[in-house]
Amino acid sequence: MTPRVVPFGEAAILVELGDDFQEALIDRARGIADHWETVAQLGPAVPAYASALLHFDPLRTPPAQAEKAARAMLARGAPTLVAGDKPRRVIEIPTTYDGPDLAETAARSHLSTEQLVTLHAAREYTAYFLGFLPGTAYCGRLDPRIVAPRLERPRERVPAGSVAIADGQTIVYPLTSPGGWRLIGRTDLAMFDPTAEEPARIRAGDRVRFVPL
Amino acid sequence: MIRIDEAGVRSTVQDRGRFGHLRSGVPPAGAADRFALAAANALVGNAEDAAGIEIIGTPFRFTCDDARVVAVAGRDVSLAMRTRLPGWTSVFVRAGQSVTVHAAEHARFAYLAVSGGIATAPLLGSRATYLPAGLGAPLRAGDVLPLGEPDAGAEDAGRRVEPTTYDGRVRAMTGPHDDRFDADASARFFGATFVVEPASDRQGVRLAGVPIAPRPGELLSCGIVTGAVQVPRAGAPIVLLADHQTTGGYPVIATVIAADLGKVAQALPGEPLRFYRVDRDAALGALRAERRALDGSRVSA
């Protein structure tokens, strides 16, 4: 699809870069969100796989002016990674691989649980963006050999710290909540601390490694 | 200081929301009926970003240790001291005087503002309570909360803001994912009457009615706003409220305008909602009308 800028209510616009999963689009979306927050300074932004949601105050910034600023960012092409100029951090997540879905998920891929653990821990992932619950970083991509769909019946209660996979990605549940991803392990590392200056452990763009215990 | 003598069913400190950590997945939270809190704040001379108390269920009773101007706003709400006093009106309260917030048959969220504002320590730049992540906690009987310096005094009692008409007529802009729906789905959405489901909360209002299913196909998750009308595959829409997740993967057929979010938030299970298509200029016009209504009643320091 051609990139476009569409209204999302009267106080936000959505910049859509594409409709399929591409790591280049994720970087671009984050670059646009960073630019909106730190250079244009018209309001907060939320990047995702292939889009950036840009908030503004329509009583201060006329929507047409906000759209013009967004189109100008699109026209500039390559992202100016303002906030991303910092070197990428590597976040290590000590993980006990004993999740309730580990055996079934390994079996459906014709792997032993040890093989699945090895493949999950072998890669250094990229944190694409955060969403769902405070501090939830969507990380990818998984080794294609351990890709599996979400559970058909989501759990009503997934404990905080659960390490999970689904749809080619991996996350850590930051809070106890309902959830439909496959639970393969757990970590004691707090993923969200509201009293910290930066409350989310993982920042979009970080590299993430799971270290088996 | 304000002391909570009876805390209702679930009462929390709320302001207009926490917008500084959306990209870390922290929902905006804040008042579900944003205009009602804004009106209560304006009536007692508070700044727009002041915090008040969102009250679900009564009885809610409080006492301040010094003289304050207070106001309650919301649907079907009033105050009682020696006599019953109307909602959406500023009231002078003496030190130590016990005040009860009354919520009648159609009340869902009531908003109490006290001159000076609730001055609890902000977390991540806001006083808004978001219970799932431990940002704030439900208020309990016996809690004592600090108050800020008031700008309003006894002479400011009796001011009034015209209450919202909670009539279930909700204006919405189309999109952003209207191209994920057939044209007749959009026509059905704007022509139908929906009924509010009991499973509605501060995260969203779930609707039952004619199915509005999107066309088949995957949608990549994207950032979403309060007021977004998400439509999961089964076709039953959900209007997102203050505690909504920051990203979502369901197509959004329409977005409720900010000025009408309170009508959605305050709708009770079983009540009807109808959506009326408006453009962005109309949405902005409604926001400006709100601002004029508040400025006309605002206590000036």
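Helices here are DSSP runs of H or I with at least four residues, and strands are E runs of at least two. Counted that way, chain B comes to four helices and 20 strands. Keep in mind that this is a predicted model.

**Chain B overall**
- With 301 residues, chain B has a radius of gyration of 19 Å, close to the 19 Å from the globule rule, so it's as compact as a globular protein of that length.
- Along the principal axes, the C-alpha atoms of chain B fill a box of roughly 60 × 35 × 30 Å.
- Buried residues account for 53% of the 301 in chain B.
- Take the contacts in chain B between residues at least 6 apart in sequence, and 78% of them join residues at least 24 apart.

**Where chain A meets chain B**
- Chain A puts 38 residues into the contact, and chain B puts in 34.
- On the chain A side, β1 (4-7), β2 (12-16), β3 (45-47) and β4 (51-55) each supply at least two of the touching residues.
- By class, that side of chain A splits into 29 nonpolar, seven polar and two charged residues.

**Two domains in chain A**
- Chain A divides into domain 1 (4-85) and domain 2 (90-212).
- Taken over C-alpha atoms, the centres of those two domains of chain A sit 28 Å apart.
- The contact between them draws six residues from domain 1 of chain A and five residues from domain 2 of chain A.
- On the domain 1 side, the touching residues are four nonpolar, one polar and one charged.

**Helix α1 of chain A**
- Helix α1 (residues 23-40) of chain A has 18 residues, which at 1.5 Å a residue should span 26 Å; the end C-alpha atoms are 24 Å apart, so the two figures agree.

Methods
Residues numbered from 1 in each chain as written. Chains lettered and ligands numbered in written order. Predicted model: local features only at pLDDT ≥ 70, side-chain atom pairs only at ≥ 80, totals over all residues. Contact = placed C-beta atoms within 7 Å. Nonpolar A, V, L, I, M, F, W, Y, C, P; charged D, E, K, R; others polar. Domains from an automatic or database assignment. Rg over C-alpha atoms; globule rule 2.2 N^0.38 Å. Buried ≥ 20, exposed ≤ 12 C-beta atoms within 10 Å, placed from the backbone. Expected span 1.5 Å × (residues − 1).
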